[in-house]
Amino acid sequence: MARTLEQVLADGIRDIQDYPQAGVVFKDITPLLADHLGFAQVVEALAAAGTDDDGRPVVDKVVGIEARGFILAAPVALALGAGFVPVRKKGKLPAATYEESYALEYGEATIEVHQDAFAPGDRVLVIDDVLATGGTVEACLKLIRRSGAEVVGTAVLLELSFLPWRERLSAERITSLLSV
């Protein structure tokens, strides 16, 4: 019997208490990734954020944010017939990059994208695993727009609804498969 997307997500995402530090509940997606049919269903659901009302792809590129975003975004790009673009932590890309820094709870982080990753006017879908405070996604969207591309939307596997990302990204089109 076919499972609903909600069942797939419930079965495929487990909580790991006190990881990576005490008081944190880590959302482990490895069971989902190991479930071929469930993973395929999730890829299809994420890819829908890059289609029009008739199901036709409307994106030229799909961005994956390091690191688990890569795992989800690459098959979404294939499903949409689009190119895949990695957005990485500073110092991990070999060619000339644009970079964007953003605040973390303690300190700052920087992400980068190759300067030639997008053609002017490329339509881009951003994929990531978890949307928490929105800082990483916001920085990623700035990189894409600085490159001359258009952000079509952002799709995430799950959102942490108890964190204030909605305020930061209120003007953006966000699709979340699961809210916790």
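**Exercise 1. Find which strands helix H5 lies across, and give its angle to S5.**

Solution. Step 1: locate helix H5, residues 135-146, which lies across S3, S4, S5, S6, S7 and S8. Step 2: compare directions; H5 runs at about 155° to S5. Keep in mind as you work that this model is predicted.

**Exercise 2. Work out the strand order of the open sheet, and name its edge strands.**

Solution. Step 1: read across the seven strands, and you get S5-S6-S4-S3-S7-S8-S9, with mixed pairing. Step 2: look for strands that pair on one side only; these are strand S5 (97-104) and strand S9 (174-179), the edge strands. Step 3: follow the twist, which averages 20° from one strand to the next.

**Exercise 3. Determine in which sense S4 and S6 pair, parallel or antiparallel.**

Solution. Step 1: recall that strands of a sheet pair through backbone hydrogen bonds, in either a parallel or an antiparallel way. Step 2: check S4 against strand S6 (residues 107-114): their pairing is antiparallel, over two bridges. Step 3: find a facing residue; lysine 89 stands opposite isoleucine 111 in S6.

**Exercise 4. Count the aromatic pairs and classify the one formed by tyrosine 19 and phenylalanine 26.**

Solution. Step 1: ring centres must lie within 6.5 Å to pair, and the count comes to two aromatic pairs. Step 2: tyrosine 19 and phenylalanine 26 are 5.2 Å apart, centre to centre, with 80° between the planes. Step 3: planes over 60 degrees apart count as edge-to-face, so this pair is edge-to-face. Step 4: check accessibility; tyrosine 19, at 44%, is partly exposed, and phenylalanine 26 is partly exposed at 26%.

Now take the other pair. Phenylalanine 70 and phenylalanine 84 are also edge-to-face, at 6.1 Å centre to centre and 90° between the planes. This pair links distant parts of the chain, 14 residues apart: phenylalanine 70 sits in helix H4 (residues 68-80) and phenylalanine 84 in strand S4 (residues 83-89). Phenylalanine 70 has 21% relative accessibility, so it counts as partly exposed; phenylalanine 84 is partly exposed too, at 32%.

**Exercise 5. Describe the largest pocket and find what lines it.**

Solution. Step 1: its volume is about 1,300 Å³. Step 2: of its 34 lining residues, the closest to the centre are Leu104, Val130, Ala132, Thr136 and Leu160. Step 3: strand S2 (25-28), S5, S6, S7 and H5 each supply at least two lining residues, and S7 gives the largest share, four residues.

Note on methods. Residues are numbered from 1 along each chain as its sequence is written. This is a predicted model: local features need pLDDT of at least 70, side-chain atom pairs count only at pLDDT 80 or more; totals for chains, interfaces and linings use all residues. Side-chain values use heavy atoms; hydrogens and water are left out. Rings of Phe, Tyr and Trp (its six-membered ring) pair if their centres lie within 6.5 Å; planes under 30 degrees apart count as stacked, over 60 as edge-to-face and the rest as tilted. Buried means under 20% relative accessible area, exposed over 50%, partly exposed in between (1.4 Å probe, protein chains only). Two strands pair if DSSP finds at least two bridges between them. Axes are lines fitted to C-alpha atoms, for helices over the stretch in contact, and angles run from 0 to 180 degrees between N-to-C directions. Contact means heavy atoms within 4.5 Å. On a 1 Å grid over the protein atoms alone, a cavity is a set of points where a 1.4 Å probe fits but cannot get out, and a pocket is an open set with protein on both sides within 12 Å along at least five of seven lines; lining residues have an atom within 4 Å of a point. Grid points are joined across faces, edges and corners, and a volume is the space filled by probe spheres set on the points.
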